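Take a walk through this model, one region at a time. Keep the sequence and the 3D view side by side.

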Amino acid sequence: MICDKSKLDEHGCKGAPDWIIEIVSPGSRAMDYYTKLSLYRESGVREYWIVDPMKQTSLVYDMEQAAAPVIYSFSDTIKENIYDNLEINFSKLQL
Amino acid sequence: MELSNIIYNYTKNKKGSCQVFIAPFDVKLSDKPLIIVQPDIMVICNKDKLDGKRCNGAPDFIIEIVSPSNPADDYIRKLYYYKNAEVREYWIVDPRRKTVTVNYFEGNIVSVQYPFDSIIKVNIYEDLLINFSEIADLLNI
């Protein structure tokens, strides 16, 4: 999710999105959990979710606040931190 | 510190090759780019990595106590460093949140969190359990 339109051009987004969700696949595990986490933090992404269908968990990193991840199961409703009132009920999703 | 004492006593009784070090002790994780860190607590089992001044290469087990000023350093930057350098196990002890976040890279255990009243197994050892309820009070900083 990108809130600053000036980051967008015809090729894509130049700069950090505000919120990124990665869906983990077996081949992307290390990239999603470690490499991209570090990269997103350094580039100024505000919130990063790692959704892992194999583990049935979502790790939520609120980069602006705690930095410590909060772990949710797929039966939880997760509150998004950038918006005041966006909640996602994972039990209703098919992942 | 109590936590390092528990691990020290365990490795001493075991009479193996593993040694416990605490900060300040330099660890050079890589040459290019040059990455030198000072973990709070570490276990190093390969004596060839020790040159009398520092550890050259990855420790087997690292524990960081989260500093209130920069939690992202332990949770994000060092997690990435330690995973890449092939540290086998990495614990993040957070006195403010009262949690221990366990990463056991070779066992595919990623960011499993325990509250401070837990008994937590050190994965690189068969039989080292750490009862945090006994030491949690000493970890408050």
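What follows covers a helix, a loop residue and a surface patch. The model is predicted.

Start with helix α1 of chain B, residues 2-14. This helix has 13 residues. From its first C-alpha to its last, α1(B) reaches 18 Å, close to the 18 Å expected at 1.5 Å a residue. Its buried residues are L3(B), S4(B), I7(B), Y10(B) and T11(B). Seen down the axis of α1(B), these buried residues fall within an arc of 125°, so they line one face of the helix. The spacing has a simple basis. An α-helix has 3.6 residues a turn, so residues three or four places apart point the same way.

What do the buried residues of α1(B) pack against? Their partners in chain B are the strands β1 (19-22), β4 (41-44), β6 (61-65), β7 (89-94) and β11 (129-131), along with helix α3 (132-139). On the other side of α1(B), K12(B) and N13(B) are exposed. Just after the helix, K15(B) takes a positive phi of about 60°.

Now move to Q38(B), in the loop between β3 (35-37) and β4 of chain B. Q38(B) counts as partly exposed because its relative accessibility is 39%. Leaving aside neighbours within four places in sequence, Q38(B) is in contact with A23(B), P24(B), F25(B) and D26(B). C55(B) lies 17 residues from Q38(B) in sequence, and their C-alpha atoms are 10.0 Å apart.

Finish on chain A. I21(A), I23(A), L93(A) and L95(A) form a nonpolar surface patch. Together they have about 340 Å² of accessible area. One of them, L93(A), is found in the segment after β6 (87-89) of chain A. With 41% relative accessibility, L93(A) counts as partly exposed.

Key. Residues numbered from 1 in each chain as written. Chains lettered and ligands numbered in written order. Predicted model: local features only at pLDDT ≥ 70, side-chain atom pairs only at ≥ 80, totals over all residues. Heavy atoms only, no water. Patch = residues over 30% accessible without salt bridge, like charges linked within 9 Å, V, L, I, M, F, W, Y side chains within 5 Å. Areas by Shrake-Rupley, 256 points an atom, 1.4 Å probe, with all protein chains shown as cover. Salt bridge = Lys/Arg side-chain N within 4 Å of Asp/Glu carboxyl O. Helix = DSSP H or I, 4+ residues; strand = E, 2+ residues; numbered from the N terminus. Buried < 20%, exposed > 50% of the residue type's maximum accessible area, 1.4 Å probe, protein only. Expected span 1.5 Å × (residues − 1). Arc of directions from axis to C-beta. Contact = heavy atoms within 4.5 Å.
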